[in-house]
Amino acid sequence: DVRHGPILYLEDVTVSFDGFKAINALNLTIDDGELRCIIGPNGAGKTTMMDIITGKTRPDSGQVWFGSRHDLLTMNEPEIASLGIGRKFQKPTVFEALTVFENLELAMAADKRILPTLTARINGEIRDRIDEILEIIGLKPLHARPAGILSHGQKQWLEIGMLLMQRPRLLLVDEPVAGMTEQEMERTAELLTGLAGKQSVVVVEHDMGFVRSIARKVTVLHQGSVLAEGSMDQVSSDPRVIEVYLGA
Ligand code: ADP
């Protein structure tokens with residue numbers, strides 16, 4: 001039977017660096033298929049929170065669950081990734097000398113040093129998946145071009161496509177529109193909203209216009225815990241949020 005409810009669950013999570021609580025009694029629930037934006041001033045703990053979810057940083061206390069069955073605090077980074085948690089860092093890291101298609105192919109390869117086409121014909125299933133993803137990320141016309149010729153925005157989309165090859169259940173995306181043109185931002189909003197539903201997406205972003213354009217629900221982090229949560233209109237009219245953003 002189908003299991004509803006949260007895909008990701010953090011309860012009372014705290015982590016200190018040299019006595020400073022970067023994350024302080026953080027509670028966060030992400031529902032299955034949800035698109036959530038995380039905002040907050042510099043130093044609010046956004047990066048540390050992502051590091052905790054992916055297993056890069058261990059909290060001092062609290063609980064982190066993926067679905068209702070996987071206690072992420074008992075797992076290491078590769079184990080967490082293999083559950084279907086994909087993370088996109090701010091800077092794109094595509095292989096510039098390889099074609100767009102080959103980049104996607106490589107994302108499927110067990111051994112990242114060897115392209116499947118160099119060893120054997122890639123199977124139809126992988127080719128279909130690549131075609132599907134080229135469509136989603138809008139790079140079909142460029143599939144045979146080296147990734148090095150892509151614009152900054154196109155490289156970001158390719159990298160999201162590379163993560164999608166693994167069929168993640170949860171995508172963590174760090175500042176996707178930094179450095180993008182208006183037009184690229186609009187396309188990125190379409191891409192991310194299109195992905196939600198099929199998988200859960202958590203976006204950390206500074207650009208409020210972009211957040212407003214995509215978000216159903218926004219979580220505001222401040223000093224390592226949740227200051228406010230709700231629609232962009234709700235959180236942006238919350239006096240505590242206004243104080244944090246304007247009062248510094
Ligand atoms: P954000 O991503 O919201 O800007 P971070 O999670 O990067 O915030 O940082 C939260 C706080 O924790 C900051 O004050 C930062 O200086 C501190 N911090 C983060 N990582 C470390 C670390 N490895 N060692 C010491 N302090 C850290």
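Student: By class, how many nonpolar, polar and charged residues does the shell around the ligand have?

Tutor: The shell around the ligand has 3 nonpolar, 6 polar and 1 charged residues. Here Ala, Val, Leu, Ile, Met, Phe, Trp, Tyr, Cys and Pro count as nonpolar, Asp, Glu, Lys and Arg as charged, and the others, Gly among them, as polar. Please note that this is a predicted model, in which local features need pLDDT of at least 70 and side-chain atom pairs count only at pLDDT 80 or more, while totals for chains, interfaces and linings use all residues. Residues are numbered from 1 along each chain as its sequence is written.

The residues around the ligand are Phe17, Ala22, Gly40, Asn42, Gly43, Ala44, Gly45, Lys46, Thr47 and Thr48; a residue is near a molecule if its C-beta atom, placed from the backbone, lies within 6 Å of it. Helix H1 gives the largest share of this shell, 3 residues. Helices (H or I, at least four residues) and strands (E, at least two) are DSSP runs, numbered from the N terminus.

Helix H1, residues 46–53, lies across strands S1 (6–17), S2 and S4, and runs at about 65° to S2. The angle, on a scale from 0 to 180 degrees, is taken between N-to-C directions of axes, which are lines fitted to C-alpha atoms, for helices over the stretch in contact; contact means C-beta atoms, placed from the backbone, within 7 Å.

An open sheet of 4 strands has the order S2-S1-S4-S5, with antiparallel pairing. Strands S2 (20–31) and S5 (70–71) stand at its edges, each with a single partner strand, so one side of each has no neighbour in the sheet. Two strands pair if DSSP finds at least two bridges between them; 2 bridges join S4 (residues 61–66) to S5.

Technical notes
Contact = placed C-beta atoms within 7 Å.
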